[in-house]
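Look at the strands first, then the core, then the metal.

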Amino acid sequence: MNFESILLPGIDSKRPLVIAGPCSAESEEQVMETAQQLAAEGIKIFRAGVWKPRTKPGGFEGMGSVALKWLQRVKKETGMYVAVEVATQKHVYEALKYGVDMLWIGARTTTNPFAVQEIADTLAGTDIPVLVKNPVNPDLELWIGAIERLYNAGVRKLGVIHRGFSTPDKNVYRNIPQWHIPIELKRRYPNLPIICDPSHMGGKRSLILTIAQQAMDMNYDGLIIESHCSPETALSDKEQQLTPSALSEVIHSLVIRDSIQSTEDLSTLRGQIDELDDKIFELLSKRMRVSREIGQYKLEHDMPVLQTTRYGEILQDRVQQAVKMDMSSEFAKKILEAVHEESVRQQLVVMELARK
Ligand code: PEP
Ligand code: MN
């Protein structure tokens, strides 16, 4: 796919591209007050939810089209560009009619190919930039599918927003990052701009700076952050919204590491990594050879391949050992599970060959 830049006229390509504004447009006063304060902090793109997808009915569902008039006022009086979330054909028509400059597709909508197709068809022939949030579930193909639907309809100014993934487990995050998913997306489409949404990822103000810094360290292009003139009275997402001045502080404390120059030291370190990776694979291959020998032994003694108590003990011991060696227990578990799975597969191959 050949993407075109999402940068609007007058916006430079210096990282991070910042989009900021309230979760929801609640009233003309709240929108104007927030917008004026953000403009004074140098923000160039104003976000506001006009139609809000709520998990359950009865919550604040956004003000609807009337709020688009307030956004027109924001454009006129502050000079900022405005961005809204669209989920249906009607939203797209309305947003375009009122001169919205940028659209995004929300996480719940990205999960639904019918909705994405409808939006894509409606956008055919326009050239407004569109940002696609990751789907709520960690499904990279579904995310890419949404991008492809828009691309196939002729939308070229495309970008993505990483807002984290929903999980049933209690977690410090509202939506866990699972950084490997957007990293894989970036590997496949290096020219697709990627923006982080630390507000919906963290779910609370205290996490926003840390997440935003991590995104910058991973070379993300931009940030979309919720900001409200009076967060404590916000009608949605009040725990995660920052005042415009707090938002500005976050942006100014970010350290942007832009050097891509590979120094002598770095190439020596990379050389060490390559050598160590080779050793890891050599060891794994030895490990698998021993597994096959065990398979052979079990075959000759009529023993089953899987002996769960032994595996449980190994897992526990090794994880403890890994933690002592400064690795996370999650990482150790993942590695051991993968090694075990491959071991079992190799033993099953031994059994299968014996049967032939
Ligand atoms: C939002 O940006 O206000 C929003 C609803 O986000 P998400 O789609 O990521 O939940
Ligand atoms: Mn929100």
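## Strand E6 and its partners

Strand E5 (residues 130–133) and E6 run parallel and are joined by four bridges. The model is a predicted one. Within this pairing, Lys133 has Ile161 of E6 as its bridge partner. From E5 the chain passes through H6 to reach E6, a β-α-β crossover that is right-handed.

E6 also pairs with strand E7 (residues 194–196), again in the parallel sense, over three bridges. Here His162 has Cys196 of E7 as its bridge partner. Helix H7 (residues 180–188) belongs to this second unit: E6, H7 and E7 form a right-handed β-α-β arrangement.

Strand E6 spans residues 158–162, and five of its five residues are buried, so the strand is largely enclosed by the rest of the structure.

## Nonpolar cores

Nonpolar side chains tend to be buried together in soluble globular proteins. In this model the largest nonpolar core has 69 residues. Phe46, Leu71, Val84 and Leu158 touch the most other members. Helix H6 (residues 140–152) supplies the largest share of this core, seven residues. A second, separate core holds 14 residues, including Ile19, Ile45, Ala83 and Ile161.

Leu158 shows how far such contacts reach along the chain. Setting aside residues up to four places away in sequence, Leu158 touches Phe3, Glu4, Ile6, Val130, Val132, Ile147, Leu150, Tyr151, Leu192 and Pro193.

## The manganese site

Which residues supply the protein donors of the manganese ion (ligand 2)? They are Cys23 (SG), His200 (NE2), Glu226 (OE) and Asp237 (OD).

His200 sits in helix H8 (residues 198–202), and Asp237 in the loop between strand E8 (222–226) and helix H10 (244–253), so the pair ties together parts that are 37 residues apart in sequence. Are His200 and Asp237 buried or exposed? Both are buried.

Val344 belongs to helix H13 (residues 329–355). Apart from neighbours within four places in sequence, Val344 is in contact with Val305 and Leu306. Val344 and Val305 are 39 residues apart in sequence. In space, their C-alpha atoms are 6.9 Å apart.

Definitions and conventions
Residues numbered from 1 in each chain as written. Chains lettered and ligands numbered in written order. Predicted model: local features only at pLDDT ≥ 70, side-chain atom pairs only at ≥ 80, totals over all residues. Heavy atoms only, no water. Core = buried A, V, L, I, M, F, W, Y, C linked by side-chain atoms within 4.5 Å. Buried < 20%, exposed > 50% of the residue type's maximum accessible area, 1.4 Å probe, protein only. Helix = DSSP H or I, 4+ residues; strand = E, 2+ residues; numbered from the N terminus. Contact = heavy atoms within 4.5 Å. Donors = N, O, S within 2.8 Å, 3.2 Å for Na, K, Ca; no water. Pairing = 2+ DSSP bridges. Right-handed = clockwise from strand over helix to strand, strands pointing away.
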